Amino acid sequence: MRVKVLSRNPDDYIRETKQDLQRVPRNYDPALHPFEVPREYVRALNATKLERVFAKPFLASLDGHRDGVNCMAKHPQSLSTVLSGACDGEVKIWNLTKRECIRTLQAHEGFVRGICTRFCGTSFFTVGDDKTVKQWKMEGPGYGGKEEPLHTILGKTLYTGIDHHWKEAVFATCGHQVDIWDEQRNSPICSLTWGVDSISSVKFNPIETHLLGSCASDRNIVLYDMRQSTPLKKVILDMRTNTLCWNPMEAFIFTSANEDHNLYTFDMRFLDSSVMVHMDHVSAVLDVDYSPTGKEFVSASFDKSVRIFPVDKGHSREVYHTKRMQHVITVKWTSDNKYILCGSDEMNIRLWKANASEKLGVLVPRERAAMNYNQKLKEKFQHHPQIKRIARHRHLPKPIYNQAKELRIMREARRRKELNRRKHSKPGSLPFVSEKKKHIVAVVK
Amino acid sequence: MMSPLGLHYGAGCRHVDWPRAQSPRSMIGCGGRERKNLARSWRLHAVQALRMEAVAGSRAHGGSAGGGKKKRDPFPGAAPLPQHKVKKFQRGQKSQLAEVSSQRLRDHLALLEQKVELAVQQAARMELLLPEEPGFLEGDPGEDTCTIAQADIAEAADIASATKHFELTLNQFGPYRMDYTRPGRHLLLGGRRGHVAALDWQTKSLLCEINVMETVTDVTWLHTENMFAVAQRRWLYVYDNQGVELNCLKRFNGVLRMEFLPYHFLLATASETGFLQYLDISVGKEVATICTRGGRLGVMGQNPANAIIHLGHSNGTVTLWSPNIKEPLVRMLCHRGGVRAVAVDSSGMYMATSGLDRKLHIYDLRAYQPVQSLVLPVGAGHLSFSQRGLLAATCGEVVQVYRDVPMQPPHKPYLSHTLPWTAHGLRFCPFEDVLGVGHGSGFTSLLVPGAGQANFDALENNPFRSRKQRQEWEVKALLEKIPSELITLDPGQLGQVDAITMEQKHHERVERLGFDPQAKPAFQPRRKLKGRSSAGSLLQRKRKVANEEQRTKIRKSLEQQQAAEQERKAAPRAQSSALDRFRK
């Protein structure tokens, strides 16, 4: 007879002293882990609830401006520095870690219309209502010194925006035309116009650095190549585009913020149809900025809210608002992909987390592992109705909520009308026009 | 001398499972690729053998140096994994990438598949690190294992195991019902005449002992060893491990049998008035009360894989219940007489039932069909499955244990033991090779080698857990309590894709568009001259076209049927397996 009976030596399973860690032998045999799917589902549900519990995105409000914040710029080298220009011509430089203003200068008379930093981070440029372009040093003057610009260019027309080239000593301004300037000269290298209209914003492409995009008030988005003396092409939309922002990871993709409450992502090679229409705002979208990963972007709107959209989704994943925040004029996504800054009418700059429920600071490895596991679970069960409902729920201020409801009703009515019209006409006589093409009037080359 | 773990079998002859080396001659008939593989495996084994020889040789020569040559790994890459080990950890099906239209999604899914594959392989490799091996019992040639007495097993096993065979003589308050906690550390005894005792059966230390001064019909542990439920003459009571009454549930009256569903924190009770009730013990709420209309419910079992309750009735039927539906999910006619006992194995695939017709049936719960059936001399009064699939049955005072019952009809039991009195309760101890039997004169703990799972998962059930660990586990377990609404026959259903049908998709499209894009306009006969467009001939032409269409349709469907039939016939039946019965 041969016999073996299970007999465990407790020394192998119990810790020797109280200072030791408890022994946790694992066995991954599925037979020992019944109800795998329901238990994971419950864990995912708990993780989703906790995510909503911990969603406290608002970090700080930077106050000090004496008028509405009109424009902002990120420092290309320092994560903790941000620059902002106000409607009274004042420019402030902020330290985000200390959450305080480190420097104030009176740059212009009237609005500061645009602000941008040089790629090396040593100086920055501002344009204002006083028809001047000024270059400033990033470091302030010594004790007792006077705040003086490095250069001042007196222009003939009003400037409404400015952007610096990503690699060369060249910058572009916009106003009645798009001007491209060499930093050393007092007159533009070239001026680009297409029709007579005021241009509200100009942006350099961060990858194909010779390309520029601008939006004009005659509902155009015009693309230029700096090496040519004429513009490349333009697309005409239903309504005016306020600004655009290039995707920092995909050279051809840009997103434009439109007056018709939507954002449109375009591929610059195929302008006859937008890649995606992003709807959710209930008022004009005023500014847009991409995350450094190029997967998401943040938009600021006249409806007093900030929304975060995934690039490939038509609806926002997050909306930020506070009781006191007024029309948000400018928004920036910081270069470490963690924070969002928005400047609004009521003179404050607000700092938000890009991921509302993220825990800031250093995570211990177990915490990180648990976080990753929960993230995966949420992803796995995201389409289950209970979990979807909790993950999607956001509290909205009453005006936005009501306005969104109204817009939904209007959209539904239009759809119904079209459906009825189609029902009672000859099949095929009413073509289907997708939402992506509906708002595009023409493409001109 | 005997070492603490001294095992009395061929010392040092560990059985190594080398794949059988094929002789090169046997490869003549193989196809090209197979031949190459075989040749490779042959070479591999040859190299292995050589290497072993070399190692032995170098040891013999006192470990001579290998010279200046750079050592190369003769087995580069990861060690091969046997397919059956990998298969154990595989779940679901691979996603059909070809059907996915979006390139981005396809890439994403392909990446996921890779990760899943890696996880499966790592889990399979992890098996190597498991410290324990399951027990076994083998008779000498010509010796039946069922003739081996418990005393012999206890003598042959090590001291620690020998202490696990014991008998408690409690002949005043019997017969006894009993229950083990889920880690298998604690034992609960309930004598019919009111004696309730909780003890750590391994150290034999008593937690509490009380007499409830009332008839006790059943006892069960709740989620930890801190609480247990006792079904008494009228009501259901909950006590803590000091014997203090925590709760008296008067809504649960006349309870005869109880089952605790650990992952749902539900206590299911079956009463003499035919009610099946579910109590959520974490919040103390009655989740469901079901009138089964099945008479006195003295037979109950739970399916540990999907938390479905099985009830046996006096008319020979077994019904399956979930708390969400007032009707039985399944009603099976299992026996000619009444059902005496029901048990479901840990995988949830097989159910054993015994009835007054003295038969023991094994049912396949996937097809609800009997797979094995045997006649016992007295008929089994109690049944229990162990973690590794042994089936224990009590026939009067004889306890018999069967092995591999679903696979082959046993002509002899694996083990057999005679009790001093008729058995009244029967449970295998989890994670131990122990079978506990409560009977008329107390409790007997029997050694059944090979019954328990050898390697536990400490995050699930840890027999060695400390108080702190238990408290942590309790919090975790409560956090992931599965709601009772999720009790279904297939618990994995929640993770499956709810694919909409073609018709549904089409219907939604029609709704969205406002017209049916696939609709064919009805046939409109052309007008012909010379009086051939009379109403009659128009109708005739219309009918002709309609008939032709119908004929084409029928022809097509017939062809499809025939093709499927031929394909089925042409496919070679490789080997008859136990799963063939599900084929059409």
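Two strands are said to pair if DSSP finds at least two bridges between them. Helices (H or I, at least four residues) and strands (E, at least two) are themselves DSSP runs, numbered from the N terminus. The structure described here is a predicted model, in which local features need pLDDT of at least 70 and side-chain atom pairs count only at pLDDT 80 or more, while totals for chains, interfaces and linings use all residues. Residues are numbered from 1 along each chain as its sequence is written, chains are lettered from A and ligands numbered from 1 in the order in which they are written, and side-chain values use heavy atoms, with hydrogens and water left out.

The account begins with chain A. Strand β3(A) and strand β4 (residues 81-86) of chain A pair in the antiparallel sense, with 5 bridges between them. Within this pair, A:K74 lies opposite A:V82 of β4(A). The two strands belong to an open sheet of 4 strands, whose order is β3-β4-β5-β6 and whose pairing is antiparallel. Why is one side of β3 and of β6 left without a neighbour in the sheet? Strands β3 (69-74) and β6 (100-106) of chain A stand at the edges, and each has a single partner strand, so one side of each has no neighbour in the sheet. From one strand to the next, the twist averages 20°; such angles run from 0 to 180 degrees between N-to-C directions, and the axes are lines fitted to C-alpha atoms, for helices over the stretch in contact.

Another open sheet of chain A has 5 strands in the order β15-β16-β17-β18-β30, again with antiparallel pairing. Its edges are formed by β15 (199-204) and β30 (440-444) of chain A; each has a single partner strand, so one side of each is left without a neighbour in the sheet. Here the twist averages 15° from one strand to the next. Strand β15(A) pairs with strand β16 (residues 211-216) of chain A in the antiparallel sense over 5 bridges, and A:K203 is found opposite A:G213 in β16(A).

UniProt positions are given in the numbering used here, feature names are shortened, and annotations may be inferred rather than shown by experiment. Residues 62-104 of chain A are 0% helix and 58% strand, with the end C-alpha atoms 13 Å apart. For residues 321-362 of chain A, the figures are 0% helix and 43% strand, and the end C-alpha atoms are 27 Å apart. The unreviewed UniProt entry also places "domain: Sof1-like protein" at residues 354-440 of chain A. That span is 62% helix and 1% strand, and its end C-alpha atoms lie 31 Å apart.

Chain B has 8 helices and 29 strands. Of its 584 residues, 43% count as buried, which means under 20% relative accessible area, with exposed meaning over 50% and partly exposed in between (1.4 Å probe, protein chains only).

Strand β16 (residues 309-312) of chain B illustrates a simple pattern. In a regular strand, side chains alternate between the two faces of the sheet. B:I309 and B:L311 point one way from β16(B), B:H310 and B:G312 point the other way, and all are buried. On one hand, strand β15 (residues 299-302) of chain B is joined to β16(B) by 4 bridges in an antiparallel arrangement, and B:M300 has B:L311 as its bridge partner. These strands form a hairpin with 6 residues between them, and B:A307 in the turn has a positive phi of about 60°. On the other hand, 4 bridges join β16(B) to strand β17 (residues 317-321) of chain B, also antiparallel, and B:I309 stands opposite B:W321. In this hairpin, with 4 residues between the strands, B:G316 takes a positive phi near 90°.

Finally, the cysteines may be considered. A disulfide is a pair of cysteine sulfur atoms within 2.5 Å, and the count over all chains comes to 0. The sulfur of A:C120 is 11 Å from the closest cysteine sulfur, in A:C116, which is too far for a bond.
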